[in-house]
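Work through the exercises below with the sequence and the structure at hand. Each task is followed by a solution in steps.

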Amino acid sequence: MLEELAINSKIIMGNMEYGSDLLLELNNICQTKEIFAGKIEGIGAVKCATIGFYDQEKKEYIWNKIHRPMEVLSLKGNISIKDNKPFVHAHIVLGDHNSQVYGGHLGEDTQVFAFEYIIVPLQGDAFVRGFDKKTGLFLWK
Ligand code: ZN
């Protein structure tokens, strides 16, 4: 899957409200602003986090719930279309008080303490996610 997309002149930068659900709020921003293609990055801190690892044999996510404050060292994600709506796919790298690092696929129930994001919308034919039999994932078709 390869398509030429262009950077829109508008780049969105903001900070998320304390207590927001990080993934839900990123999806919410994209829906409100009607962004169907683009990239996301961010840094900040969370009160707790849910990160996933995709088990390639079982074809399902193993979710790891972290019940303590962590730094968001890096969040990177992309925006495409799933079920006719903007869909954010993001990965997150978290650090704790000992500088131990954890990371994975960002899941719901990751509560924001503070989070600064930059969203770069892209112009062109947005990618649409569809079910992929080989992987069990919803990939760009
Ligand atoms: Zn992922």
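**Exercise 1.** Is H105 buried or exposed?

Solution. The model is a predicted one. Buried means a relative accessible area under 20%. H105 has a relative accessibility of 15%, so H105 counts as buried.

**Exercise 2.** Which residues coordinate the zinc ion, and through which atoms?

Solution. Step one: the donors are NE2 of H89, NE2 of H91 and ND1 of H105, at 2.0 to 2.1 Å. Step two: along the chain these donors have the spacing H-x1-H-x13-H. H91 belongs to strand β6 (residues 85–95) and H105 to strand β7 (residues 101–106); the two are 14 residues apart, and the pair links distant parts of the chain. Step four: H91 is partly exposed, at a relative accessible area of 43%.

**Exercise 3.** Find the buried residues of helix α1 (residues 22–32) and state where they sit around the axis.

Solution. The buried residues of α1 are L22, L23, L26, N27, I29 and C30. They lie on the same side of α1, because their arc around the axis is only 155 degrees. In general, an α-helix has 3.6 residues a turn, so residues three or four places apart point the same way. Among the elements that cover the buried residues of α1 are β2 (12–16), β3 (38–55) and β8 (111–123).

**Exercise 4.** Which residue with a positive phi follows α1?

Solution. E34 follows α1, with a positive phi near 55 degrees, although E34 is not a glycine. E34 lies in the loop between α1 and β3. With a relative accessible area of 61%, E34 is exposed.

Technical notes
Residues are numbered from 1 along each chain as its sequence is written. This is a predicted model: local features need pLDDT of at least 70, side-chain atom pairs count only at pLDDT 80 or more; totals for chains, interfaces and linings use all residues. Side-chain values use heavy atoms; hydrogens and water are left out. Donors are N, O and S atoms within 2.8 Å of the metal (3.2 Å for Na, K and Ca); water is not among the atoms, so sites may look incomplete. Helices (H or I, at least four residues) and strands (E, at least two) are DSSP runs, numbered from the N terminus. Buried means under 20% relative accessible area, exposed over 50%, partly exposed in between (1.4 Å probe, protein chains only). The arc is that of the directions from the helix axis to the C-beta atoms. Contact means heavy atoms within 4.5 Å.
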